[in-house]
Amino acid sequence: MKNGLARFEFYLLKLEALFAQAAKEKNPGLWLYSNNARTPLFMLEGLAKLYAGIHNRKRFEKIKVHFKLLEDTLGAIDYYDSFAKEFAADPAMAHITEYLQAQSREKIQRLNDILIESKWIGEKESSVEKIRTRLQGAGWLQPKDEVKGIMDFYTSSIEVIKVLILATSKGFTQIEAEVHALRRKLRWLSIYPQALQGAIQLTDSHIPDENINNYLVPEIVNSAFNKMPDAGNNTYFLLLEKNYFLALSWMIAELGKLKDKGLKIIAVTEALQQLDAIPQNEAQQKAYTVLGEDSAALQNILSEATTICRKYFEAHYLDQLIHGVAAAQT
């Protein structure tokens, strides 16, 4: 089995097992959400994105759409559910919690509909097998050419991020469309190594950098997600500079914290706008009060995100992230 096909199959088997169990449950969508179905979907979506950038674009783009719809729907459930759980213990937030819970239930029902309509589960379940058939017909590359393609795709992904940073050079103005969008693009760079199951490894060239230690904090250095999968039977590898990969991970984590702070305000604003039938700007001011936040809270979050991004991107760590392609030692 070709390496690329084996990578898809590894996560398809995980997803297939989750769907098989979910089909036995009264609420399949809720069960999938509660049992981390989002992780294999992230991996499969990441593989489809990557291979669409290397070969058989139309084939992999079509496959990606299926995984992305499921992953996005699970993400929408998580958005409302996580804040509902956070507010649940506060009686003063009861009406907002109820709204968020209702939205979460609505998204779960939407997932249940997708699972049946798209034939992931049920009597006519066939989506996984259809995807397997499409994958079998892909023009898989030889290992050396494939890894060179992965490097080119990784390089182009970095260039896209740099364009986004250039477009926001005067500072971020939006949480979702800018801060969250940037974090998603950065996060894919850390998902691909996991999804590729050993085809990407870290190397340490001991490049002198007096500022890099600011990013090498224990929770990042010791994170299991920053340990590359075993090389397995891969014969060629894309090598990334270890410290710059860890710095990337730090950025993803910090932007994630800021993004969550901002989205909390946005979620409460949405709830108040709907519950109280008031304009968005009035609901936002009320959200600040409800959350005990200063009226400049969102702007402060955007400013902090701007500051850490400028420092990170001015150091050109992404430009130095890719070390190159290497063959396995014999």
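Select aspartate 260 and lysine 259: their side chains meet in a salt bridge, with 2.9 Å from N to O. Keep in mind as you look around that this is a predicted model. Which of the two partners is buried, and which is partly exposed? Aspartate 260 is partly exposed, at 37% relative accessible area, while lysine 259, at 11%, counts as buried because the limit for that label is under 20%.

Next, select Glu9, Glu16, Glu129 and Arg132. Salt bridges with shared partners join these residues into one network. The count for the model comes to 18 salt bridges.

Now move to aspartate 319 and lysine 162, whose closest N and O atoms are 2.7 Å apart in another salt bridge. Aspartate 319 sits in the loop between α12 and β3, and lysine 162 in helix α7, so the pair ties together parts that are 157 residues apart in sequence. Aspartate 319 is partly exposed at 40%, and lysine 162 is partly exposed at 31%.

For one more charged pair, pick glutamate 117 and arginine 110, which form a salt bridge of 3.8 Å from N to O. Glutamate 117 counts as exposed at 56%; arginine 110 is partly exposed at 39%.

Finally, turn to the nonpolar residues. The largest nonpolar core has 105 residues, and Tyr154, Leu182 and Leu318 have the most contacts inside it. Helix α10 (residues 242–276) gives the largest share of this core, 16 residues. Zoom in on leucine 318 to find the residues it touches, among them Ile158, Leu248 and Phe313.

Notes
Residues are numbered from 1 along each chain as its sequence is written. This is a predicted model: local features need pLDDT of at least 70, side-chain atom pairs count only at pLDDT 80 or more; totals for chains, interfaces and linings use all residues. Side-chain values use heavy atoms; hydrogens and water are left out. A nonpolar core is a set of buried Ala, Val, Leu, Ile, Met, Phe, Trp, Tyr and Cys residues joined through side-chain atoms within 4.5 Å. Buried means under 20% relative accessible area, exposed over 50%, partly exposed in between (1.4 Å probe, protein chains only). Helices (H or I, at least four residues) and strands (E, at least two) are DSSP runs, numbered from the N terminus. Contact means heavy atoms within 4.5 Å. A salt bridge is a side-chain nitrogen of Lys or Arg within 4 Å of a carboxyl oxygen of Asp or Glu. Lists of a residue's contacts leave out its neighbours within four places in sequence.
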